[in-house]
Amino acid sequence: MSGNKAIDLGVMTRVNDLRSIWPDEARSFTPWLAEEENLRLLSEAVGIDLVLEEKESPVGAFSADIYVKEEGTDRRIIIENQLEASDHDHLGKLITYASGKSADVVIWIVKKARDEHRQAIEWLNQRTDNSLGFFLLEVELWKIDDSRTAPKFNIVEQPNEWAKTTRNTGSQSELQRFQLEFWSAFREAAGADEEFTRSFTLQKERAQAYFDLSIGSSSCHITLRLSPDKKQQVAAAFYIRDDKDLFAKLSNECDIIEREVGSKMEWHEANKACTVSLIRKIDVRNRETWPDIFKWLRSRAILLRKVFTSRVA
């Protein structure tokens, strides 16, 4: 008999009925996707930092499901949602909305992409220049055993050179290059801070707006955020995924927590994720401020870990 212990793995199953979670596109799926934490999931899938501008954004007598912009740029993006197989009606809407909003990027999310619509999006990407790109994604729902249901976005079609350019630092946008430079410098400074490295394991830096820090919990972590343009700020936040009861519990201790932190905090509640943030307004584009910013982010991350982990254990 082998001395190895049996490996106990769960069974992953797909939830085929999307409407069991989102009964209605306009009243369920669109509001869900427009929440910051869910836009982040889509951002990670397409490689663009999406920031909400407007839901049901008017285009003449019609309205685009979601209108967003790329963080730090003026690139305009429309998102059209469909909880069924792709159809000609929605394809026509995409063209109308793209024209009406002068869109730079179009994202079409469907339950199932039909072959003729895959070909149509591929054709559009082949015949447009680099200033306009079309994404076609399928959204899925999955469970492991009796776990909560989790969404997953799969890219079916994308702009022809997108995969290459997102992997090629030389082809990244100016914002992405700045983000990567900022977090690379932060990671180097944090790696030399013994107190910080005792508290956190540093992830690989990426060209994105945030830098996540694990606290050993699947439902909570600390996130550091960079907003280099309009907002001109950085933030350190305690991030709670899919646990409104925990957020409510912490909110009841708001005054006590803020006294321990020594500052007022921004408490943001959403359906799928909630945050409690410390925000600092500062010129992050000025590299001379970086040592001070890095020190502030490190100290606030350590403080948030100390204040919150005892309350969520």
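R311 is buried, because its relative accessibility is 12% and buried means under 20%. This comes from a predicted model. The side chain of R311 meets that of E260 in a salt bridge, at 2.8 Å from N to O. E260 lies in helix α9 (residues 254-261) and R311 in helix α10, so the pair ties together parts that are 51 residues apart in sequence. E260 is partly exposed, because its relative accessibility is 41%.

**Other salt bridges**

- How many salt bridges does a search of the whole structure find? The search finds 17.
- R298 and D193 form one of them, with side chains meeting at 2.7 Å, N to O.
- R298 lies in helix α10, and D193 lies in the loop between α6 (174-191) and α7 (194-199), so this pair ties together parts that are 105 residues apart in sequence.
- Are R298 and D193 buried or exposed? R298 is buried, and D193 is buried too.
- R280 forms a salt bridge with D292, and their closest N and O atoms are 2.6 Å apart.
- That pair links distant parts of the chain, with R280 in strand β12 (residues 273-281) and D292 in helix α10, 12 residues apart.
- R280 has a relative accessible area of 23%, so R280 counts as partly exposed.
- D292 is also partly exposed, because its relative accessibility is 37%.
- Salt bridges with shared partners join R19, E25 and E84 into one network.

**Helix α8 against helix α10**

- Helix α8 covers residues 244-252, and helix α10 covers residues 290-312.
- Their axes come within 11 Å and cross at roughly 120 degrees.
- Why is α8 called oblique to α10? The crossing angle is roughly 120 degrees, and it makes α8 oblique to α10 because 65 to 115 degrees would count as roughly perpendicular and over 145 as roughly antiparallel.
- The crossing of α8 past α10 is right-handed.
- On the α8 side, L246, K249 and L250 make the contact.
- On the α10 side, the contact residues are F308, R311 and V312.
- By class, this contact has four nonpolar residues, two charged ones and no polar ones.

**Helix α6 against helix α10**

- The axes of α6 and α10 come within 10 Å.
- They cross at roughly 65 degrees.
- α6 passes α10 in a right-handed crossing.
- Which residues of α6 make the contact? They are F178, E181, F182, W183, A185, F186, A189 and A190.
- From α10, the contact takes in W290, I293, F294, L297 and R298.
- The contact of α6 with α10 has 11 nonpolar and two charged residues, with no polar ones.

**A closer look at L250**

- L250 sits in helix α8.
- Its relative accessible area is 0%, so L250 is buried.
- Leaving out residues up to four places away in sequence, L250 touches F238, I240, I257, W267, F308 and R311.
- Two of these partners, F308 and R311, are α10 residues in the contact with α8.
- The C-alpha atoms of L250 and I79 are separated by 34 Å, and these residues are 171 apart along the chain.

Conventions. Residues numbered from 1 in each chain as written. Predicted model: local features only at pLDDT ≥ 70, side-chain atom pairs only at ≥ 80, totals over all residues. Heavy atoms only, no water. Axes fitted to C-alpha atoms, helices over the stretch in contact; angles between N-to-C directions. Helix = DSSP H or I, 4+ residues; strand = E, 2+ residues; numbered from the N terminus. Parallel < 35°, antiparallel > 145°, perpendicular 65-115°, else oblique. Left-handed = near helix turned anticlockwise from the far one by under 90°. Contact = heavy atoms within 4.5 Å. Nonpolar A, V, L, I, M, F, W, Y, C, P; charged D, E, K, R; others polar. Salt bridge = Lys/Arg side-chain N within 4 Å of Asp/Glu carboxyl O. Buried < 20%, exposed > 50% of the residue type's maximum accessible area, 1.4 Å probe, protein only.
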